[in-house]
Amino acid sequence: MMEAAKKKELQALAVRIRMAALEAIHSLGSGHLGGAMSIADVLAVLYGKEMKYNAADPKWPERDKLVCSKGHAGPAVYGTLAVKGFFPYEELKTLNRPGTRLPSHCDRNKTPGVDMTTGSLGQGTSLACGMALGEKLRGRDARVFLIVGDGESNEGQVWEALAFASAKKLDNLVVLLDWNKRQLDGWTEDVYPMGDYVAKLEAFGFDTVKVDGNDVEAVADALERTRQAAGKPHAVILDTVKGAGIQEVADTAMNHSLPVSDEQFERWTAQLKSELAALEG
């Protein structure tokens, strides 16, 4: 069981990530808020407990790598990197503006701390598999963490890449499937139902577990499990809520991309600050 102090620390980090992502999206006026909010908790666990990295040396060869294949959730990744000191927090307000280092989708050539360019849905899975194989060929113990969306998993390329990962026994690969149950055009079950993700990933040869993806302790336990089983790649199905952390966003049916007014920004930020204050005493 996770120590209470560590759990609060990770919960607080998740709140800070949500605040940072909201800051970035509000600065632009609109953005992919729902899918950014749903992965804040897993990002908090990755950067607050699980991954090895050096914010002062983002290209450190021995670091663990993150591939956010659902690249439109870049504001959550940027928020995490800003909170962790990869670049100045104020830079979040330059999201997707001319000359920015924070484009709409993740770009490894622009943003310190971004390990792979993504955004064309499905391709990030192939890239992460290649990165994981590369780490093995170099003899490094670095791990590759892949965040892939449930709507994104409609892409056949995702499953071709996962079959490759299993065939190559990439046990340094951890697939984090954000099952937030919505995609651009509506509910995933209405658009393109994919069936039982656990059964599907197990059939593809993955050590697989499903957890509450908005519970930092459950996510941390699942990631700890991935360290125990060798010889096969790992998958964690994150049962999340799209828009988690801001109830008004979670309750909005079409929340894939939303405008954020000044009034909403102030109100939602105040709610998050209150939650943060309660966690930090």
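**Ground rules.** I am working from a predicted model, where local features need pLDDT of at least 70 and side-chain atom pairs count only at pLDDT 80 or more, while totals for chains, interfaces and linings use all residues. Residues are numbered from 1 along each chain as its sequence is written, and side-chain values use heavy atoms, with hydrogens and water left out.

I started with the largest pocket and found about 240 Å³ of space in it. A pocket here is an open set of points on a 1 Å grid over the protein atoms alone, where a 1.4 Å probe fits, with protein on both sides within 12 Å along at least five of seven lines; lining residues have an atom within 4 Å of a point. Volume is the space filled by probe spheres set on the points, with grid points joined across faces, edges and corners. I counted 17 lining residues, and Leu121, Gly151, Glu152, Gln183 and His256 lie nearest the centre. By class the lining has 2 nonpolar, 8 polar and 7 charged residues. For these classes, Ala, Val, Leu, Ile, Met, Phe, Trp, Tyr, Cys and Pro are nonpolar, Asp, Glu, Lys and Arg are charged, and the others, Gly among them, are polar.

Next came the second largest pocket, with a volume of about 170 Å³. Its lining includes Arg63, Lys65, Asp115, Met116 and Glu135. I noted 3 nonpolar, no polar and 7 charged residues there.

**Cores.** I then looked up the largest nonpolar core, which has 62 residues; Leu33, Leu46, Leu176, Leu223 and Val236 have the most contacts inside it. Such a core is a set of buried Ala, Val, Leu, Ile, Met, Phe, Trp, Tyr and Cys residues joined through side-chain atoms within 4.5 Å. Buried means under 20% relative accessible area, with a 1.4 Å probe and protein chains only. Leucine 33 is in contact (heavy atoms within 4.5 Å) with Leu22, Ile25, Val249, Asn255, His256, Leu258, Val260 and Trp268, leaving aside neighbours within four places in sequence. Apart from this core lies another, of 25 residues, among them Val148 and Ala235.

**Asparagine 172.** I found this residue buried, at 6% relative accessible area. Beyond four places in sequence, asparagine 172 touches Ala132, Glu135, Lys136, Ala142, Arg143 and Val144.

**Cysteines.** How many disulfides does a search of the whole structure find? I got 0, taking a disulfide as a pair of cysteine sulfur atoms within 2.5 Å. For cysteine 106, the nearest cysteine sulfur is that of cysteine 68, 5.0 Å away. Cysteine 106 is buried, at 3% relative accessible area.

Terms used:
Buried < 20%, exposed > 50% of the residue type's maximum accessible area, 1.4 Å probe, protein only.
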